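Trainee: Hi! Could you walk me through this structure in plain words?

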Amino acid sequence: MDFKSLHCFAELVRLQSFSAAASALNLTQPTVSKTIQALEEELGVPLLVKENGRKKRQVATTPIGEEVYHHALDLLHERDLLLARIDGYRHIKSGTLRLGLALLGSDLLSNALFRFRRQWPGIELTFLEQGSLAIEQSLRNNELDAGQLLAPVHEDFDSIPLCDYPLVVLMPRAQARHAALSLKSLQHEPFILFGSGFSLNETIQTACRSQGFTPNVVCRTGQWDLLADMVAHHMGIALLPEYYARKINPDTFAAVPLTEPEIRWQLTMAWKKHQRPTPALRAWLDIVREEFGKRG
């Protein structure tokens with residue numbers, strides 16, 4: 001039993017004529033008759049009523065034929081819905097794109113997101129807004145199509161570079177006495193770090209250990225503007241990407257270059273390497289390449 005046979009039977013019952021069904025299906029009348037006969041033989045039940053003593057069948061369904069007819073309509077409808085869904089998927093008319101947006105760096109993607117929405121309005125965008133550690137785990141669990149990760153990314157992922165900024169030492173303007181600061185010179189300072197899900201924390205702490213000390217962490221937050229407020233209230237110093245340091249009031253804060261070692265904030269758009277991307281994901285990655293290729 002296949003969809004062509006069911007479609008032929010359904011059209012015959014709907015039009016109540018072998019000749020009309022043949023014309024609608026662009027078939028010959030004998031082909032329609034043979035298709036119905038083959039379907040009856042396959043199912044092992046008569047679908048159409050036969051006139052007494054004649055081989056010719058009326059276009060009237062038997063009781064089981066009536067049931068088959070209604071089930072055929074349901075199956076054909078579900079087939080059409082599935083084909084429409086597949087067509088929408090292939091031509092990016094419908095579906096969902098699941099993105100992991102880092103709490104630090106999501107605003108880098110604003111223009112790319114606006115472009116994607118304008119170009120593919122039928123695609124629903126859903127976001128997981130977390131630190132990059134949680135985003136990486138969700139990518140591994142196939143809960144996301146792509147997400148922002150801090151470079152270097154694991155070999156399990158492909159990625160597109162989004163930005164590359166140095167970290168600077170954020171402190172109140174009144175405290176700034178040097179044109180640049182080494183990381184070791186900050187060993188006795190209270191540190192304000194990012195939330196526990198941020199890969200950048202490990203980058204900072206590893207750099208501190210390489211300089212022979214463990215930072216004295218007094219607070220953690222996932223919001224860079226709250227972090228800046230804490231620095232303004234003399235709770236501690238923070239290492240902030242220069243990208244965000246440019247957004248704060250220079251009359252209140254000093255963003256002092258960090259040296260020995262320099263620490264860089266390199267954010268990427270990443271996706272699983274060995275998983276075939278959906279059409280929506282391919283379209284998204286094309287836009288990201290266009291947007292961030294221009295900056296490179």
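Trainee: Where do glutamate 136 and arginine 140 lie?

Mentor: Both are in helix H6 (residues 132-140), four residues apart, or about one turn of the helix. Helices (H or I, at least four residues) and strands (E, at least two) are DSSP runs, numbered from the N terminus. Keep in mind that this is a predicted model, where local features need pLDDT of at least 70, side-chain atom pairs count only at pLDDT 80 or more, and totals for chains, interfaces and linings use all residues. Residues are numbered from 1 along each chain as its sequence is written, and side-chain values use heavy atoms, with hydrogens and water left out.

Trainee: What do the side chains of glutamate 136 and arginine 140 meet in?

Mentor: A salt bridge, at 3.1 Å from N to O. The term means a side-chain nitrogen of Lys or Arg within 4 Å of a carboxyl oxygen of Asp or Glu. Side chains of opposite charge can pair when their charged atoms come close.

Trainee: Why does glutamate 136 count as partly exposed?

Mentor: Because its relative accessibility is 22%. Buried means under 20% relative accessible area, exposed over 50%, and partly exposed in between, with a 1.4 Å probe and protein chains only. Arginine 140 is partly exposed too, since its relative accessible area is 29%.

Trainee: And which residue does aspartate 156 meet in a salt bridge?

Mentor: Arginine 140, with 2.7 Å from N to O. That pair links distant parts of the chain, as aspartate 156 sits in the loop between strand E5 (146-150) and E6, while arginine 140 is in helix H6, 16 residues apart. Aspartate 156 counts as partly exposed because its relative accessibility is 31%.

Trainee: How many salt bridges does a search of the whole structure find?

Mentor: There are 12. One of them joins arginine 115 to glutamate 291, with the closest N and O atoms 3.1 Å apart. Arginine 115 is in helix H5 (residues 110-119) and glutamate 291 in helix H10 (residues 279-293), 176 residues apart.

Trainee: Are arginine 115 and glutamate 291 buried or exposed?

Mentor: Both are buried.

Trainee: New topic: strands. Which way do the residues of E10 point?

Mentor: In strand E10 (residues 238-241), Ala238 and Leu240 point one way, Leu239 and Pro241 the other, and all are buried. In a regular strand the side chains alternate between the two faces of the sheet.

Trainee: In what sense do E6 and E10 pair?

Mentor: Antiparallel: strand E6 (residues 157-172) and E10 pair over four bridges. Two strands pair if DSSP finds at least two bridges between them. As an example, valine 169 has leucine 239 of E10 as its bridge partner.

Trainee: What about the peptide bond from alanine 151 to proline 152?

Mentor: That bond is cis, with omega near 0 degrees, and proline 152 is in the loop between E5 and E6. The bond from glutamate 260 to proline 261 is cis as well, again with omega near 0 degrees. Most residues other than glycine have a negative phi, and most peptide bonds are trans.

Trainee: So what is phi of glutamate 260 near?

Mentor: Phi there is near 50 degrees, a positive value in a residue other than glycine. Glutamate 260 lies in the loop between E11 and E12, and counts as exposed because its relative accessibility is 58%.

Trainee: Where is histidine 234?

Mentor: Histidine 234 is in the loop between helix H8 (224-232) and E10. Its phi is positive as well, near 60 degrees, and histidine 234 counts as exposed because its relative accessibility is 53%.
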